Amino acid sequence: MRILLIVCCLFLATGCAKTVTPTTTYGTEAVVEITLRGNADVINNRYFMVLSNSQSFSVPLTYADNTEYEFLSVGDPPQSGSQESYYTKYYSTWNGYIELNNNGYYLTKGPFTYETTATPEPLSLFDGNTNTLKFDFRLDRIFGTSIPDTIYFDLITVSYPLSGSKRTQDLLYPDRLPIPKGSSAEKSGSDLSDTTLNSSLDITGWKVRIQ
């Protein structure tokens with residue numbers, strides 16, 4: 001009788017056990033690496049990572065009808081045309097961006113509106129004399145507390161002369177790629193060399209990892 005009671009108790013305990021649902025671990029930081037065909041030139045060029053919570057975000061390109069928009073750091077004046085149009089057409093679709101210039105890596109958080117001054121924040125120093133760009137940043141520095149389940153991004157090289165048009169030279173293909181915010185999510189790719197570009201502007205490989 002005692003054995004029967006024990007068996008019944010074990011059966012009831014097993015039957016009442018709760019099913020454990022695995023939980024998803026979300027990352028808090030992005031680690032980025034970009035490989036160029038030649039050493040980076042931060043005097044004449046700038047390098048960008050644009051981030052958005054929407055795949056429909058836009059970056060400046062030269063179009064088939066020869067309408068050209070420069071790729072500018074938010075707030076820099078264009079050589080021609082309306083500065084306000086850049087906010088309407090491009091910056092308003094970004095959550096933020098990372099920029100490498102001659103002072104190092106900087107992070108600039110949106111939203112971007114024509115009436116508001118963007119404030120770049122120092123991110124890290126650039127080692128120099130290398131064809132590899134490496135930086136990392138906390139996702140909440142771009143998205144705040146509402147980090148989207150899917151993050152969209154693009155990597156862009158820009159010829160940035162002191163005077164003259166600042167033109168997009170290379171970017172990812174396909175562009176505006178998605179990456180989930182789950183910890184250990186990773187996207188990477190390679191690209192054939194484009195010998196029509198200066199080697200300092202030609203992206204040949206890249207990797208983005210969430211951790």
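Reply: Two strands pair if DSSP finds at least two bridges between them. The model is predicted.

Me: How many bridges pair strand S3 with strand S4?
Reply: S3 covers residues 96-101 and S4 covers residues 104-109. The two form a hairpin with two residues between them. They pair in the antiparallel sense, and the number of bridges is six.

Me: Which residue of S4 is the bridge partner of Gly96?
Reply: Strand S3 takes in residues 96-101, and strand S4, antiparallel to S3, takes in residues 104-109. In S4, the partner of Gly96 is Lys109.

Me: Which strands are the edge strands of the open sheet of four strands?
Reply: The order in this sheet is S6-S1-S11-S10, with antiparallel pairing. An edge strand here pairs on one side only. The edge strands are S6 (132-138) and S10 (186-190).

Me: By how many degrees are neighbouring strands of this sheet turned against each other on average?
Reply: The pairing in the sheet S6-S1-S11-S10 is antiparallel. The angle between neighbours is taken with direction ignored. On average it comes to 10°.

Me: Which residue in S6 stands opposite Ile34?
Reply: Strand S1 spans residues 29-36 and runs antiparallel to S6. Seven bridges join S1 and S6. Opposite Ile34 stands Leu133.

Me: Which strands each supply at least two residues of the lining of the largest cavity?
Reply: The lining consists of Ile34, Tyr47, Phe48, Met49, Ile98, Glu99, Leu100, Tyr105, Leu133 and Phe135. Ile34 and Leu133, which stand opposite each other, are both in this lining. At least two lining residues come from each of S2 (45-52), S3 and S6.

Me: What is the volume of the largest cavity?
Reply: A search of the whole structure finds three cavities of 30 Å³ or more. By class, the lining of the largest has nine nonpolar, no polar and one charged residues. Its space is about 50 Å³.

Me: How many nonpolar residues are in the lining of the second largest cavity?
Reply: About 40 Å³ of space lies in this cavity. Leu171, Leu172, Tyr173, Ser190, Asp191, Ile203 and Trp206 line it. One lining residue is polar and one is charged, and the nonpolar residues number five.

Me: Why does Ser188 count as partly exposed?
Reply: Ser188 lies in strand S10. Leaving aside neighbours within four places in sequence, Ser188 is in contact with Trp206 and Lys207. Buried means under 20% relative accessible area and exposed means over 50%. Ser188 falls in between, so it counts as partly exposed, because its relative accessible area is 48%.

Me: What distance separates the C-alpha atoms of Ser188 and Val208?
Reply: Along the chain, Ser188 and Val208 are 20 residues apart. Their C-alpha atoms are separated by 6.2 Å.

Me: How many charged residues are in the lining of the largest pocket?
Reply: About 180 Å³ of space lies in this pocket. The residues that line it include Val42, Arg46, Asn101, Tyr160 and Lys166. The lining divides into five nonpolar and four polar residues, while the charged ones number two.

Key: Residues numbered from 1 in each chain as written. Predicted model: local features only at pLDDT ≥ 70, side-chain atom pairs only at ≥ 80, totals over all residues. Heavy atoms only, no water. Axes fitted to C-alpha atoms, helices over the stretch in contact; angles between N-to-C directions. 1 Å grid on protein atoms, 1.4 Å probe; cavity = no way out; pocket = protein on both sides within 12 Å on 5 of 7 lines; lining within 4 Å. Points joined across faces, edges and corners; volume = space filled by probe spheres on them. Nonpolar A, V, L, I, M, F, W, Y, C, P; charged D, E, K, R; others polar. Buried < 20%, exposed > 50% of the residue type's maximum accessible area, 1.4 Å probe, protein only. Contact = heavy atoms within 4.5 Å.
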